[in-house]
Structure formats: structure tokens, C-alpha cells
Amino acid sequence: MLYEDFVSVVVKVIEGVGAAIMVVGGLFAGARYAQQVVAHASESYRQLRANLGRVILLGLEVLIIADIIRTIVVDQSLQSVAVLGVIVSIRIVLSFSLEVEIDGAWPWNGWRLQLAERATKTTPSADD
């Protein structure tokens, strides 16, 4: 077995792991959602979306690893580098949009959410 053949097999395994993360994670998120709906938990739909977003982000990260390995080791051409660039660009846009969906703010504005959370915890309520 040649080195490139071995790396191709490794890349396929990594891609399978990425896909499995999304499938299994999606099933767990759906099961958790069903459990929360049965328990009449508030915010269950919002938590489902956040959990699915996290699963997709993790799966995409693993798939990007496979694409990078394939481009560096197996298919060293200008076309494969261009395809990798497009894939990474799409992943960045997806990551940012999913991050906004999950947290409700751009990733670089996370400190504002933390400040607002601290302010609500330390502000005395009207009942005091």
C-alpha cells in the first residue's frame, strides 16, 4: 500500500467520523428535545436549535480536517487548493451564522453578553 493510498483511507475515516458526529449528535439533540417537550420544559425549541448548531459546527470542523489532509498530502494541485479555499470560506460563513444563532451575538461581541449576564445577576430585583 502506497503512502497516498494510506492517507486516502485515513481521510475517508475522518470524513466518516465527521458525518457520524452530525448524525449521532442530531439524534441525541432530537431525543433531548422530545424529552423536554414531554416534560413541558420552556425554551425546548431554542435549546434544540442550539444543540443542533453545536453538532453541525463540530462535524464541520472534523470534515475540514479531512479536506486539509487530502489537499496537503493526496491531491497537491492548484485546483484542489482553490476548492479547499472555497470550502473553508463556506465553513467560516456557516460557523459565524451558527454562532449567532446559538449565542445571539457575533463571536467578537461575546464579552457584551457576559457583561449583560453579570449585570442581571448583580442587579437587585424589585422584590427586595
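Me: How are helices assigned and numbered here?

Reply: Helices are DSSP runs of H or I with at least four residues, strands are runs of E with at least two, and both are numbered from the N terminus. Valine 24, for one, is found in helix H1. This is a predicted model: local features need pLDDT of at least 70, side-chain atom pairs count only at pLDDT 80 or more, and totals for chains, interfaces and linings use all residues. Residues are numbered from 1 along each chain as its sequence is written, and side-chain values use heavy atoms, with hydrogens and water left out.

Me: Is valine 24 buried, partly exposed or exposed?

Reply: Buried means under 20% relative accessible area, exposed means over 50%, and partly exposed lies in between (1.4 Å probe, protein chains only). Valine 24 has 40% relative accessibility, so valine 24 counts as partly exposed.

Me: How do I read a pair of packed helices?

Reply: Two packed helices are described by the angle between their axes and the distance between the axes. Axes are lines fitted to C-alpha atoms, for helices over the stretch in contact, and angles run from 0 to 180 degrees between N-to-C directions. Here the axes of H1 (residues 3-38) and H2 (residues 44-74) come within 9 Å and cross at roughly 180°. That makes H1 roughly antiparallel to H2. The cut-offs: under 35 degrees is roughly parallel, over 145 roughly antiparallel, 65 to 115 roughly perpendicular, the rest oblique.

Me: How many salt bridges does the structure hold?

Reply: A salt bridge is a side-chain nitrogen of Lys or Arg within 4 Å of a carboxyl oxygen of Asp or Glu. The structure holds 4. One of them joins arginine 70 and glutamate 15 (2.2 Å, N to O). Arginine 70 lies in H2 and glutamate 15 in H1, so the pair ties together parts 55 residues apart in sequence.

Me: Which residues are linked with Arg70 in a network of salt bridges?

Reply: Glu15 and Asp67. Aspartate 67 bridges to arginine 70, with the closest N and O atoms 3.0 Å apart. Both lie in H2, 3 residues apart, about one turn of the helix. Aspartate 67 is buried at 13% relative accessible area. Arginine 70 is partly exposed at 28%, and glutamate 15 is partly exposed at 24%.

Me: Where do glutamate 61 and arginine 91 lie?

Reply: Their side chains meet in a salt bridge (2.7 Å, N to O). The pair links distant parts of the chain: glutamate 61 in H2 and arginine 91 in H3 (residues 78-103), 30 residues apart. Glutamate 61 is partly exposed at 36%, whereas arginine 91 is buried at 16%.
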